[in-house]
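Here are my notes on the fold as a whole and on one strand with its partners. Please read them beside the model.

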Amino acid sequence: MTLKNLTGAAALGLSLGLIGNACAAPSTTPTKTIKIVAFNDFHGQLESPGNFRPTPSGSASIPVGGVDWLAGYVAELRSRNPDSIVVSAGDLIGATPLVSALFHDEATIETMNRLGLALNAVGNHEFDEGKAELLRMQNGGCHPSDPNSCRGADVGTPVPFEGAKFKFLAANVVDAASGKTLFAPYAINVIGGVRVAFIGMTLKETPTIVTPSGVAGLSFKDEAATVNALVPKLRARGVEAIVVLLHQGGTIPVTQSESTINNCDEGLDGSPLQGIVNQLDDAVDLVISGHTHQAYNCRLPNRAGRLISVTSANAQGRVLTDIDVSINRASGEVVDVQANNIVVDRSSADVLPNTDIKAIVDHYKAIAQPVANRVIGSISADITRTATAAGESALGDVIADAQWAATAAVGFGEAVAAFMNPGGIRADLSFASGAAAEGDGKVSYGEAFTVQPFGNSLVTLTLTGAQIHTLLEQQFTGCTEGYPAGAPASGQPFNRILQVSASFSYTWQEKGTACDNVDPASIKIGGIEVEPDAGYRITVNSFMADGGDQFYVLTQGTDRLGGALDLDALESYFQANSLVAPGGRDRIGWLP
């Protein structure tokens, strides 16, 4: 029976047993087995993100995650094979819950130091607060202006903030001024007497999905070309075993569940990850991936046609990957890789959560709780991100309306419409009372923060009617009208439908012709068709205003006026409306 056919505690128990037997082998054996414990897209989820499904059709009934339990699983696995290392494939921080974000993710770094993380390949969300803040995460020190930074005296960690005791890796992120990588491109670790290289990097499209000002002065190189160029350097240093930590991924066409986390249905066909792996030098032995929040356990062909292991561990600490790598002691070559994804089950009797880490989280939670528990408004029903065939969601409607309301008045922007990017909406608003026991229908600040955790400010700018039409066309794959030099030649990676305020409406239909999906005559503001040459005041968040999510036409907007934080605008909207109902999802028309 293979580990892949087991789930839960049974899989973990057998995995640990097998490793224990392997470790009992005498040192004269020709191979050495080392263990790599991997995860990705943790996003500062210090507490449990909820429950996980046992099967695709089952109800979510397995309590999962929490950094204390994640640390417990890591410790249990490492105790069975001390020749081990813990790694992350990016998005360790950024887009985090309030208990981490309020403290600029210092809590996540501190708990990961104590979990034993050794390496983290920077993901796109590591750049959410910009290059300087990311360097502070590595090097330590207090935030330059926020008193919520450096709270170690209150939580039992050093003051000033200690910084990451693990290494950030960024092989394909180059500082234009110096010509050097922002962080080390790779690390060579001696594990169990054998040398293993870990190359870390993020997806080359990062500048298109983070605030451009946050990555100003940085260039993001092709992933496969970067790895292949490093292979001769690693060979020259006597390294034969090469692992890639890559913040790019794919998706598996099945509902994520305990029974499917080791699947590789359709082999990630057509994914960016598959394209990268297919170009890799034959020297690469293993790819640990992320970004898409999926769990999979694949073997994909490299440039030479050899199948290599490619893994990912879902997100937010729900799953981790247990990888055994067998290496020839004499040559240093990898002879076998066995990987197994494991659910971080909080009900397991075989794992003990880390109480020291839990204490740190509890202290941070106590500081954040008065902020998180404050009720900011009421809703009449669940307001969700579930989209119509046109791409419009009830929550998107509400957020766009809130941003329009915050910028419509004279002196505040005189906006006539607002647009919200769907990727910036990270959770639903539930009618049922939450963990703060605020009561049914009440919305706490913490819940609203989870919906919009990026801290973007509002920007009102003037676009012509023709530019608004271009903005709408830039939602769709294949349309690169108005794209600057160096932008992706294929346009959006998928249709990215903007959420619009109640003042705005239009209809779209995919016609198979690039930049020809929206009928200009259908674009209306206040029920009146927009004129191509007329100017209109439009509100977006600062991420979009800088061309984020490839809405480059917004960078051409004139007469810019900064506004409130997006979350403050949402809170003000709740205060102005005693009971907020789900948006009607009737502003965007769609023709099949």
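1. Strands here are DSSP runs of E, at least two residues long, and helices are runs of H or I, at least four, both numbered from the N terminus. Two strands pair if DSSP finds at least two bridges between them.

2. The model is predicted: local features need pLDDT of at least 70, side-chain atom pairs count only at pLDDT 80 or more, and totals for chains, interfaces and linings use all residues. Residues are numbered from 1 along each chain as its sequence is written, and side-chain values use heavy atoms, with hydrogens and water left out.

3. Strand β13 (residues 295-301) pairs with β14 in the antiparallel sense, over seven bridges. Ala295 stands opposite Ala313 in β14. The two strands form a hairpin with five residues between them. In the turn, Gly305 has a positive phi of about 90 degrees.

4. Strand β12 (residues 284-289) runs parallel to β14 and is joined to it by three bridges. Ile288 stands opposite Thr311 in β14.

5. Is β14 buried or exposed? Six of the seven residues of this strand (residues 307-313) are buried, so β14 is largely enclosed by the rest of the structure. Buried means under 20% relative accessible area (1.4 Å probe, protein chains only). Across the protein, buried residues make up 56% of the 592 residues.

6. The protein has 14 helices and 27 strands. Its C-alpha atoms fill a box of roughly 80 × 50 × 50 Å along the principal axes.

Definitions and conventions
Buried means under 20% relative accessible area, exposed over 50%, partly exposed in between (1.4 Å probe, protein chains only).
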